[in-house]
Amino acid sequence: MLFPQTLSRSLAQRVTSLDEPRSPIANMPSLPASVIEAAASALDRGETHYTDRPGIPEFRAWVAHHMRERYRVSVDPAEVTITCGSTEARFVCMTLLAAPGSSVLCPGDSSRIRGAAHLVGTSIVDAFRDDISLLYIRPDDYRETSIELLQRAEETDWWIVYDLSFAKTLAPFHPAQNPKLASRVVTINSLSESMAGWRLGWMAGSEMALRLRASKQAITICTTAVSQWAGLEWARTQL
Amino acid sequence: MNLNANPNIPEEVRAVAADGTQLRYALMEIAREMDDVIALGRGDPDLDTPPHIVEAAKAAIRDGRANPTPVKGMDDLRAAIAAHMRQVNGLPVGADNVMVTTGGQEGLFLAIQALIDPGDEILVPDPRYSSYDDAIQRAGGVMVAVPTNREDAFNLEAEAVEAAITPASKALLIVTPSNPTAGIVTEDRARAIADVAIRHNLIVIVDEIYGKIVYEPWRHFSIGSLPGMAERAITLDAFSKSYAMTGWRCGYVAAPANVIDAMARVKQVTTGPVATVSQWAGLAAITGPQDCVSEYLNIYTERRAVLLDGLDRMGFSYGEPRGGLFVWADSSSTGIHAAELSYLLLKEGRVLIFPGTAFGDQWREYVRITMLEPIDTLKEAVDRMLPVLERYRL
């Protein structure tokens, strides 16, 4: 039997220049027994229904605690949303924080936001210009450049995304430590280095937190329940 | 019916009820802060995921089979879904025509991103599942309402579809069984609609997430199975409702291969692959025994009878609910705007239902009530709602 290969109409313009999907990460490390048991226990408890839209309260409380302990940044658990990996967090941030037609200033590796920026209709630039709406930085970016841009951000209305996922630099620096910027900083992180197949990330903080949560919910409603319970155990014991 | 029409309604209620579409979420937040609420709002089955599915997921976790998969999903699962859709739905699809999605809602989001350019019109039956609005608006699509009506049990008419078509029309979105109306698109109507779609070269996106929950004597019918539809039908489904798996976030899409490729490119940069453990659960669901599906359908059939009896006692009327997990009830006999009514029933009756205005601004005399509680709880919900209605009814 021949199956359909081509739609009778053209595809949307936006998809024609998106990259082909990457191959999945192979050979992930084995999970600790306590994480496996936390997942199995959650299933035995019947944690198979929608969770709270922003994520289970225990995980959101842990994220807030972690940010306070590691980075001395205060975030209310109500400002935390658990996402399907950091990929979803980045896309949601791009959607709401980068105005179509504006530019995203990214002084370092932009490979993780290129596709989302394309879908949203923004350009990625690596130097200052007038139409910037969002500053995207990572701990691995050259620190002096980041600090210089953050100083400049104080005089602007830029949103700031600080993406901790896959970071190799673990210094306690965080842009939200600056009170002039804190309400405009969204922190992104994930457990993908250890639990990539579970699809767990989060976005935390900023005065846009509730709108970011609503935007995530409109795409995937909530993040996989059993993943959240497994991830909570990983976070509590390994980070 | 307008807000402020009923002098019996307290001012506090008027203030909350003014924003009808957002009220659905506001009501859920209010309910969360209250004790002993009977939740007949959200479409989350109270039944548990069948044990054989849970055990399959646990085995995968314990065996270390949780590495990330390709963004389209596990090959075995895609092949199994294709086989299931060929056998059950009559769709001419292979594994290349299938991708796994993070629930049914994401399937719609990906399809819209892959298909709709700014300014393209997409025909949407009214009332509609308003959670899809966001996906259409993100893509710059323009929703065009296609009317349905209670006398016809909210079955979609080909003539109404054709009347709404303009040169900018690119797609028709069907949800069958419908959320919120519980109507279905019957086979005869589907055939007529397919003729219209082929003549006007329309894409048909059809959400069949409630397709396994259809009540006797009615039957689900997949419009994508008709001749000439394979190259224009995008069929969405998920494990969430039929197998009580909402928290696993696992759905799927069947479409021409170039659409699947495009959706995968979008998914790669927006959410990534579905959680692997959920895919193992989905594989167990679709290849394992299907008794659970018919068992759950029997449960919903009994509940539906109880709920309809209760609505009769409350003086609500309705088009025949032919499928899905809701009743879309006409509450005009109360003389209370649906938004105000939903708030009153929550605050004073401790029963959460959703106002019709959450599914289209003009549905001020309708409410959506789920049957996702046991029979005794449904009876108690009716007993709680009756005195509230008597207190405020005009």
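Q: Which residues of H4(B) are buried?
A: In this predicted model, Leu77(B), Arg78(B), Ala80(B), Ile81(B), Ala82(B), His84(B) and Met85(B) are the buried residues of H4(B), where buried stands for 20 or more other C-beta atoms within 10 Å of the residue's own, exposed for 12 or fewer and partly exposed for anything in between, with C-beta atoms placed from the backbone. Helices (H or I, at least four residues) and strands (E, at least two) are DSSP runs numbered from the N terminus. Residues are numbered from 1 along each chain as its sequence is written, while chains are lettered from A and ligands numbered from 1 in the order in which they are written. Because the model is predicted, local features need pLDDT of at least 70 and side-chain atom pairs count only at pLDDT 80 or more, whereas totals for chains, interfaces and linings use all residues.

Q: What covers the buried residues of H4(B)?
A: The cover includes strand E2 (98-101), strand E8 (251-254) and helix H10 (276-287) of chain B, and contact here means that the C-beta atoms of two residues, placed from the backbone, lie within 7 Å.

Q: How do you know that the span of helix H4 of chain B agrees with its 15 residues?
A: The expected span is 1.5 Å times one less than the number of residues, so the 15 residues (75-89) should span 21 Å, and the end C-alpha atoms are 20 Å apart, which agrees. Just after H4(B), Gly90(B) takes a positive phi of about 75°.

Q: What is the predictor's confidence in chain B and in the complex?
A: On the pLDDT scale, which gives the confidence in each residue from 0 to 100, chain B has a mean of 94, with 94% of its residues at 70 or more; the complex is given an ipTM of 0.97 and a pTM of 0.95.

Q: Why is Glu233(A) called buried?
A: Glu233(A), which lies in helix H8 of chain A, has 20 C-beta neighbours inside 10 Å and therefore counts as buried. Leaving aside residues up to four places away in sequence, Glu233(A) touches Ser34(A), Val35(A) and Ala38(A). Glu233(A) and Ala39(A) are 194 residues apart in sequence, yet 8.6 Å apart in space, C-alpha to C-alpha.

Q: How many residues of chain A are in contact with chain B, and of what kinds are they?
A: There are 54 residues of chain A in contact with 63 residues of chain B. The largest share of the side of chain A that touches chain B, five residues, comes from H3(A). That side of chain A divides into 29 nonpolar, 17 polar and eight charged residues, with Ala, Val, Leu, Ile, Met, Phe, Trp, Tyr, Cys and Pro counted as nonpolar, Asp, Glu, Lys and Arg as charged, and the others, Gly among them, as polar.

Q: What makes E9 and E12 of chain B edge strands?
A: Four strands form an open antiparallel sheet in the order E9-E10-E13-E12 (chain B), pairing being assigned if DSSP finds at least two bridges between two strands. E9 (317-318) and E12 (354-355) each have a single partner strand, so one side of each is left without a neighbour in the sheet. E12(B) and E13(B) (residues 366-370) are joined over two bridges, and Arg368(B) in E13(B) is the bridge partner of Phe354(B).
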